[in-house]
Amino acid sequence: MPSPQRRLVDNQGRLDEYYVQDAFHAYLKSSLAQAKAERLLDVQVLSGAESDLMITGPALCLYFAALRSTTNPPSVPLPRREKSSSSPRDDLSLANCPEPFIPFLRLWSKCVPAIQNLDPEHQHDLARIICGLEPVTQPVLPVLGRLAADLRAVSIEISQRRSFQDRYASDLQAAIDVGEPGAGNPGGALLRPKASFVPPPIYTASPTASAYPGKIQTQLQPPPSPQQRHSPRLLPPSAYSPPRSPSNSSLASPRTPTPTIATPASPAIELIRETLYAALADVLARTPSLVRLLKSDPPRAYFGSVALAILSVASTMLTADGAIVGVRGVPLTLAECPAQLRPLMREFAAIGRDAARIEEEDTLEAIRLVQEGRDVPAPRLERARLLLEHGAGYDVAEGGNSGRRSTEGRAVAFANRVNALALAMTRLPQFRERQGDVFKVLAGVGSS
């Protein structure tokens, strides 16, 4: 709990962020323990380091909070500030929610009535879908996919916050210890599994980063385009940056020698990494909101840029046989990837294929609507891109209304897949070793 010296409510009547964070982690521990008891998650999953666990845990917490909510409009009953049963209890609502959390609370609130109206067996199926398990009841209700996608979308936003990352390992460990042999005995600690989750590195703007404004176009160069059709909404990187020159083929660091960019002999992960980082320049060129966000929330801007780079590269740099044509025209096939990277490569290719399919379906749907004299809504691929850019809940208005959403939440689910891949990739050691250099360049753009 926050120290007594901190004010729990500000002058606008909004709860202190740290107080809400403490309450969330208290609920997160109990939610993970409950999911373990219901066999939605086992000790092996909780102690593993899979990136999807960063999404599953908070999403389960939001799910259980929805079941517990008893107010209209929905609110979250927070733990008492003191252990005494007579101490006041706060409810987190839109009226007192800290400003940064309002979009997330709005989207969660929109899900609560639908979750509570489900039959118990369908509620359990929703929890299983959140955990990546097959639902038991068949046929599956279409609304379960949308609800799971929305809760996971909010969870992705939560998982990007450093305050969450620094405490998640202890939340996992608390859930692991529940009911385990020796949990109450200090001498049995060596026998208990340990949570292996490690937070990603901290991204802070370098004091010298401002010396690099304007150099993003020459330091982060685009990969060449393969000879294939490009999406009209996701333009190829070559449309935004000047041609590559030999002197521009590296990413400079303010204090270290310039790292060498990927070559035809580079390992597979380096080719993927450099291809994505090269696309960041184009992402920022066509997404001014992320450039502005670099000043106020650099980690969120960085993650959003990487996610959009994944979508752009997967949509424009994928060959018919699933290879990625990256920096310096180097093709990378699944067979050339080491075994531990093949799941990521498969998902990368699958996102590219699904993006092409979604675009084709939306085009046919638009033609049909025009022929019928009806309005054409924003395409799903564009809505997914906006979700990657602005984050979950940006399109939910104060009254709870939102833009066009399919019953299954397909655009949200697709954006979640891209974000999940971004989380998995940016946690790899090979990405971490270059993130510092890239982040300094991006921070320099934000300060220019």
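These legends walk through several close-up views of one predicted model.

Residues are numbered from 1 along each chain as its sequence is written, and side-chain values use heavy atoms, with hydrogens and water left out. Because the model is predicted, local features need pLDDT of at least 70 and side-chain atom pairs count only at pLDDT 80 or more, while totals for chains, interfaces and linings use all residues.

**View 1. Helices α9 and α11 cross at roughly 105°.**
Helices here are DSSP runs of H or I with at least four residues, strands are runs of E with at least two, and both are numbered from the N terminus. Helix α9 covers residues 268–285 and helix α11 covers residues 298–316; their axes come within 8 Å. Each axis is a line fitted to C-alpha atoms, for helices over the stretch in contact, and angles run from 0 to 180 degrees between N-to-C directions. The two helices are therefore roughly perpendicular, a label for angles of 65 to 115 degrees (under 35 is roughly parallel, over 145 roughly antiparallel, and the rest oblique). Look for Thr275, Leu276, Tyr277, Ala279, Leu280, Val283 and Leu284 on the α9 side, and for Tyr302, Ser305, Val306, Leu308, Ala309, Ile310 and Val313 on the α11 side. Contact means heavy atoms within 4.5 Å. By class, this contact has 12 nonpolar residues, two polar ones and no charged ones. In this scheme Ala, Val, Leu, Ile, Met, Phe, Trp, Tyr, Cys and Pro are nonpolar, Asp, Glu, Lys and Arg are charged, and the others, Gly among them, are polar.

**View 2. Gly352 sits in helix α12.**
Helix α12 spans residues 342–371. Is Gly352 buried or exposed? Gly352 is buried, because its relative accessible area is 7%. Buried means under 20%, exposed means over 50%, and partly exposed is in between (1.4 Å probe, protein chains only). Apart from neighbours within four places in sequence, Gly352 is in contact with Ala314 and Leu318. Ile310 and Gly352 are 42 residues apart in sequence, with 9.1 Å from C-alpha to C-alpha.

**View 3. Helix α10 has buried residues along one face.**
In α10 (residues 288–296), the buried residues are Ser289, Leu290 and Leu294. Seen down the helix axis, they fall within an arc of 150°, so they line one face. That arc is taken from the directions from the helix axis to the C-beta atoms. Turned away from this buried side are the exposed residues Arg292, Lys295 and Ser296.

**View 4. Glu99 and Arg14 form a salt bridge.**
A salt bridge is a side-chain nitrogen of Lys or Arg within 4 Å of a carboxyl oxygen of Asp or Glu; by this rule the count comes to 19. In this pair, the closest N and O atoms are 3.4 Å apart. Glu99 lies in the loop between β2 (91–92) and α4 (102–116) and Arg14 in the segment before α1 (17–37), so the pair ties together parts 85 residues apart in sequence. Glu99 is exposed at 53% relative accessibility, while Arg14 is buried at 17%.

**View 5. Glu17 and Arg161 meet in a salt bridge.**
Here the N to O distance is 3.3 Å. Glu17 is in helix α1 and Arg161 is in the loop between α6 (142–159) and α7 (162–177), 144 residues apart. Glu17 is partly exposed at 26%, and Arg161 is partly exposed at 25%.

**View 6. Asp52 and Arg152 meet in a salt bridge.**
This pair has an N to O distance of 2.6 Å. Asp52 is in the loop between α2 (43–47) and α3 (53–68) and Arg152 is in helix α6, so the bridge ties together parts 100 residues apart in sequence. Asp52 is partly exposed at 30%, whereas Arg152 is buried at 16%.

Most residues other than glycine have a negative phi, and most peptide bonds are trans. Arg39 is exposed, with a relative accessible area of 75%.
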